[in-house]
Amino acid sequence: MFLLRRDLLLALRNRAEYAMPLLFFVLVITLFPLALGAAPELLARIAPGVIWVAALLAAMLSLDSIFRSDFDDGSLEQILLSAHPVAVLVLAKVCAHWLVTGLPLLLVAPLLAEMLGMPAAAQPTLLLTILLGTPILSLIGAIGVALTVGLRKGGIILSLLVLPLYVPVLIFAASATENAATGFDSSAQIYMLLAFLFLSTSLSPWATAAALRMSVS
Amino acid sequence: MYSTVLLQTCNLSCMRNDRLLFEHLEIELAAGQMLVVEGPNGCGKTSLLRILTGLRLADGGEVRWRGEPIDRLAGDYFEQVNYVGHHDGVKHELSCLENLRLARAMGVPSKRDLDDVLDQVNLYAYGETEVGSLSAGQKRRLALARLLVVDALMWILDEPFTSLDKASMALFSGLFEQHLQQQGVIVMTSHHDISLPTQSLQRLQMGGAA
């Protein structure tokens, strides 16, 4: 809990840095209509895919910040040497990361969906997939960052490691929204995302903790 | 006498980049004793300290705390250890008090008041100041203040006196002495020649081959 509070406080003091992913998300999506010209039908059709690809890239952009600064100033060693289980502390940090980077995406998504002309019926589904999907991105990403934080230029390896694991989330989330937009049932995909979320919540903190130990030693 | 031996290493060895830093290292520290590790740069002092904290795995041998290997104790061992490394491990965006509050929450809280602790390390006036604007020596003092806000028996300190002035060095030497009197254990590296209580002092000279 205290670590969650600390990370939120840190985010508040470094607002500019943490606003980057959100800005990126909004910019990418606003550029699409400009590039594709006035074709409302086309935009509405590709909207789920565009929003989700942008969300995924925005999440990747922000990943490094989960552990980077802690690694650089030695706080990470203190976290690993804490009297509390590291996995719980990792979960707190990932929670903070999601609140700072995932939640804002959720808040601006309706606006962007409206802008792309997505059918109103599909918007609740879109929000639901973002609500379920972005925490998965943070949780999986945390493992990747933990593995690469000790490397000086881990950025490329991080994306190679993490992207394949993000693909299932992308497929199910985009197809759920697509289904909802065309009036089909999308509960199967939603359940799948839910299953991913539970799986990653229960496994990722342990894997991340183990990876952090390796990176620090 | 044997029952008071807290920290013990057996046949400890460490490799780094295919280079043997040390092997067959035997250390035995009882309550109230202090070990000063000395040696030239790059001889493995920091590696040894990190192995003792459990952050780094030894390439051979084991570290025991009260007779139990530390990898088996895990959390129970970390509760007893307080490590101040090369990096201060303080957050520059937070104030001194916020940093100490966090440090306290991470371990077993001691009974000392946070304001008193800041006062003790002469940072009382900087309680609400962001750490980023403090000097290197002040940051170091804050990092060392972490030792006082949690109750840990073993202090592991990597060059604690870096960038400290003479007065602060004397101050912390006094605190170390106090900790030893309370049956604590200290392992530290230092290039500085400082007056430390000699009766409980062990010295380990490393890196003969370097």
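User: What pLDDT does chain B average?

Analyst: This is a predicted model. In chain B, 93% of the residues score at least 70. The average pLDDT of chain B is 81.

User: Where in chain B is confidence highest?

Analyst: Confidence in chain B is lowest in helix α2 (residues 70–73), at a mean of 78. At the other end, with 88, stands strand β7 (residues 154–158) of chain B.

User: What ipTM does the predictor give the complex?

Analyst: The predictor gives two scores for the complex. The pTM is 0.85. The ipTM is 0.80.

User: Which element gives the largest share of the side of chain A that touches chain B?

Analyst: The contact takes 19 residues from chain A and 21 residues from chain B. On the chain A side, α1 (2–13) and α5 (75–80) are the elements that give two or more residues. The largest share, 5 residues, comes from α1(A).

User: How many residues on that side of chain A are charged?

Analyst: The side of chain A that touches chain B has 8 nonpolar and 7 polar residues. The charged ones number 4.

User: Are α2(A) and α3(A) roughly parallel or antiparallel?

Analyst: The axes of α2 (residues 15–36) and α3 (residues 40–63) of chain A come within 9 Å. They cross at roughly 150 degrees. Angles over 145 count as roughly antiparallel. The two helices are therefore roughly antiparallel.

User: Which class of residue makes up the contact of α2(A) with α3(A), by count?

Analyst: Phe24(A), Phe25(A) and Phe32(A) are among the α2(A) residues that meet α3(A). Their partners in α3(A) include Leu43(A), Val50(A) and Ile51(A). The contact has no charged residues and 1 polar; 17 are nonpolar.

Conventions. Residues numbered from 1 in each chain as written. Chains lettered and ligands numbered in written order. Predicted model: local features only at pLDDT ≥ 70, side-chain atom pairs only at ≥ 80, totals over all residues. Contact = placed C-beta atoms within 7 Å. Helix = DSSP H or I, 4+ residues; strand = E, 2+ residues; numbered from the N terminus. Nonpolar A, V, L, I, M, F, W, Y, C, P; charged D, E, K, R; others polar. Axes fitted to C-alpha atoms, helices over the stretch in contact; angles between N-to-C directions. Parallel < 35°, antiparallel > 145°, perpendicular 65-115°, else oblique. pLDDT = per-residue confidence, 0-100.
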